[in-house]
Amino acid sequence: MARDSCLARITAGVAVGGAIGGAVGAVYGTYEAVSLTKIQVPGLLKIRYIGQTTLGSAAIFGLFLGAGSLIHCGKSY
């Protein structure tokens, strides 16, 4: 069985991290935009706020999981 290339592992790590981070960001952004009274997000800007938290969380978590895959790529077990 051929081993996956390092680039394929990093790409998979970024994709999985982006998916998980996006899901967590969507839940957190929705909760924060709707229920918290500290942050007064008016009307349709709530949708934008949810999108910003979703994309931000997906990007950060994807970056970290991709970096972890890069570090882990050189090790063989």
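The following dialogue concerns a predicted model of a protein and the reasons for the terms applied to it.

Visitor: What helices and strands make up the protein?

Guide: The protein has 2 helices and 0 strands. Helix α1 covers residues 6–35, and helix α2 covers residues 45–73.

Visitor: How do you know that the length of α2 agrees with its 29 residues?

Guide: At 1.5 Å a residue, the 29 residues of α2 should span 42 Å. The end C-alpha atoms of α2 are 41 Å apart, and therefore the two values agree.

Visitor: What span is expected for α1, and what distance does α1 reach?

Guide: For the 30 residues of α1, 44 Å is expected at 1.5 Å a residue. From its first C-alpha to its last, α1 reaches 43 Å, which is close to the expected value.

Visitor: Which residues does UniProt list as "transmembrane region"?

Guide: An unreviewed UniProt entry lists residues 7–29 and 49–71 under that name. In the model, residues 7–29 are 100% helix and 0% strand, with end C-alpha atoms 32 Å apart. Residues 49–71 are likewise 100% helix and 0% strand, and there the end C-alpha atoms lie 33 Å apart.

Visitor: Why is Gly 22 called buried?

Guide: Buried means under 20% relative accessible area. Gly 22 has 12% relative accessibility, so Gly 22 counts as buried. This residue is in helix α1. Not counting residues up to four places away in sequence, Gly 22 touches Thr 54 and Ala 58.

Visitor: Which other residues of α1 are buried, and what covers them?

Guide: The buried residues of α1 include Gly 13, Gly 17, Gly 21, Gly 25, Gly 29, Glu 32 and Ala 33. What covers the buried residues of α1 includes α2.

Visitor: Why is Thr 53 buried?

Guide: The relative accessible area of Thr 53 is 16%. That value is under the 20% limit, and therefore Thr 53 is buried. Thr 53 has its place in helix α2. Leaving aside its neighbours within four places in sequence, Thr 53 is in contact with Gly 25 and Gly 29.

Visitor: Against what do the buried residues of α2 pack?

Guide: They pack against α1. Among the buried residues of α2 are Tyr 49, Ile 50, Ala 58, Gly 62 and Cys 73.

Visitor: What makes Phe 64 exposed?

Guide: Exposed means over 50% relative accessible area. Phe 64 has 57%, and so Phe 64 is exposed. Phe 64 lies in helix α2.

Visitor: Why does Val 34 count as exposed?

Guide: Val 34 has 57% relative accessibility, a value over 50%, so Val 34 counts as exposed. Val 34 is in helix α1. Val 34 and Ile 50 are 16 residues apart along the chain, and their C-alpha atoms are separated by 9.6 Å.

Visitor: Which residues make the nonpolar surface patch?

Guide: The patch is made by Val 16, Ile 20, Val 24, Phe 61 and Leu 65, and has an area of about 390 Å². Helices α1 and α2 each supply at least two residues of the patch. Of the two, α1 gives the most, with 3 residues.

Visitor: What makes Val 16 partly exposed?

Guide: The relative accessible area of Val 16 is 43%, which lies between 20% and 50%, so Val 16 is partly exposed. Val 16 has its place in helix α1.

Visitor: How many residues does the protein have, and what percentage of them is buried?

Guide: The protein has 77 residues, of which 22% are buried. The protein exposes about 5,600 Å², and carbon and sulfur atoms supply 73% of that area.

Terms used: Residues are numbered from 1 along each chain as its sequence is written. This is a predicted model: local features need pLDDT of at least 70, side-chain atom pairs count only at pLDDT 80 or more; totals for chains, interfaces and linings use all residues. Side-chain values use heavy atoms; hydrogens and water are left out. Patches are made of residues with over 30% relative accessible area and no salt bridge: like charges are joined within 9 Å, nonpolar side chains (Val, Leu, Ile, Met, Phe, Trp, Tyr) within 5 Å. Accessible areas come from the Shrake-Rupley method with a 1.4 Å probe; for residues, only the protein chains shown count as cover. A salt bridge is a side-chain nitrogen of Lys or Arg within 4 Å of a carboxyl oxygen of Asp or Glu. Helices (H or I, at least four residues) and strands (E, at least two) are DSSP runs, numbered from the N terminus. Buried means under 20% relative accessible area, exposed over 50%, partly exposed in between (1.4 Å probe, protein chains only). UniProt positions are given in the numbering used here, feature names are shortened, and annotations may be inferred rather than shown by experiment. The expected span of a helix is 1.5 Å times one less than its number of residues. Contact means heavy atoms within 4.5 Å.
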